[in-house]
Amino acid sequence: MSGGTQLENANPVIFERSGERLQTAHDEDEDVHDPIDDREIFDMIRSINDPEHPLSLEELNVVEQVRVKVDDNESNVHVEFTPTIPHCSMATLIGLSIKVKLLRSLPDRFKIDVRITPGTHASEDAVNKQLADKERVAAALENSSLLEVINQCLYTKSI
Amino acid sequence: MKDNLILVQRLNAHPDSRCWFVCWSPNGTLLASCGGDKAIRIWGREGESWVCKGVLEDRHERTVRKVAWSPCGNYLASASFDATTSIWKKKNDEFENLVVLDGHENEVKCVAWSPSGNLLATCSRDKSVWVWEVDDDDEYECSTVLNSHTQDVKHVTWHPTQELLASASYDNNICIYKEVDDDWECQATLQGHTSTVWSLSFSATGEMLASCSDDRTVKIWKEYPAESGQGNMSWKCVCTLSGYHGRTVFDVDWCRLTGALATASGDDAVRVFKEEPSPDPDQPLFSLAAHMPKAHSQDVNSVAWNPKEAGLLVSCSDSGDIAIWRFQD
């Protein structure tokens, strides 16, 4: 994304993208109650762009389907994300992008918790606390330059 | 137990936005609400129902986080993410913006008037608490900047009768300040919560203080005489209400008429606790007297007891609505 500047993680390991969700007859039956599942949440966040690489969070293994837990009945979603390096200064921004994407995509009833995969970041507790503080998240989202950066991360390229 | 809390009215107060805070006027006849729509709304009773009496807008450029009435009821202060605090003066049924208090580096999170109305406290994400002096000509002057917290300060509240100020912070601590020889000092730091302390409320006499936190507990603190050799006052945690709240507790309000304690939680519920007779005054007991699981469709941000009508409770939510409840013991 940022051409001439020094990248924090210049040569990230790139992971293969998962295929499209397989539709079953059950999925297409309009009469069946269809609760939101882990894969559906994963599909909402996997194509979020990394702030410094022209790659998706899925390709950098920052998000994985196994780290997404949704309980439709209880209306809660729990996502863990794994920064590419333990000192990644973009961790809060990545977490915020995931949170904003889910806030915009899911019905209001959902409680959304976004946290760092335990043991994968030097400032894990501080980042988690910041992401869980809805007052600070609300204030951050009123900052137009920050919102622009987040919107760039959420902008889905046409394939 | 659910039957103890009866819905009186629900108001769509801040549509398509959050309602962050609600506050009764001292005589209990007006209610002020504020939110993410940058507006303040004033609600009053007409017959049996509550209606919007006025909208105070176009002053703050960002979210209005909290509002506070002066003890005389003639002034309203509003704290905003735009880093300013506004003072509004009530003239008949209208409110006019009197003065804007600048100085904080970023978001102002809370504002509170002292019991005399001569002092105003504000706190901010810039980690500071400011005490302002108010003179008879409606002039405001900052007399002290207190830097006892190491993080974002969420809430400030005054003792019900004394010029004693308490603040709660993202640093998990509570600080108590007092004026000593013309200088404001932090007299006590209350440690015990394991995450952000969101709000505080003194008991009617001011001997006890309730705090609520992101650690999902409510703690009750009690003042003790200073230990020998120490000038500072001493506050100890005498009770922890644990296991009741499913998520963050955003607000707590201690009713000065009945002693009931109400909480607002991120689990969408409103709860009321009552103090039980305890054999030991140093170990007060509280029991859950009411639990309204889906009080709102989203997080409950604030609760407030009407100061004149015992049992009348108001709550507000991320869904933008206000609910007025009657608590019957």
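Reader: How much area do chain A and chain B bury between them?
Author: In this predicted model, local features need pLDDT of at least 70, side-chain atom pairs count only at pLDDT 80 or more, and totals for chains, interfaces and linings use all residues. Buried area is the accessible area (1.4 Å probe) that two parts lose on being put together, summed over both. Carbon and sulfur atoms hold 41% of the area between chain A and chain B, and the total is about 1700 Å².

Reader: How many residues does the contact take from chain B?
Author: Contact means heavy atoms within 4.5 Å. Chain A gives 14 residues to the contact, and chain B gives 26 residues.

Reader: How many strands does chain B have?
Author: Helices (H or I, at least four residues) and strands (E, at least two) are DSSP runs, numbered from the N terminus. Chain B has 0 helices, and its strands come to 28.

Reader: What is the radius of gyration of chain B?
Author: The radius is taken over C-alpha atoms, and the globule rule is 2.2 Å times the number of residues to the power 0.38. For 329 residues a compact globule would come near 20 Å, which agrees with the value for chain B, 19 Å.

Reader: What share of the residues of chain B count as buried?
Author: Buried means under 20% relative accessible area (1.4 Å probe, protein chains only). Of the 329 residues of chain B, the buried share is 60%.

Methods:
Residues are numbered from 1 along each chain as its sequence is written. Chains are lettered from A and ligands numbered from 1 in the order in which they are written. Side-chain values use heavy atoms; hydrogens and water are left out. Buried means under 20% relative accessible area, exposed over 50%, partly exposed in between (1.4 Å probe, protein chains only).
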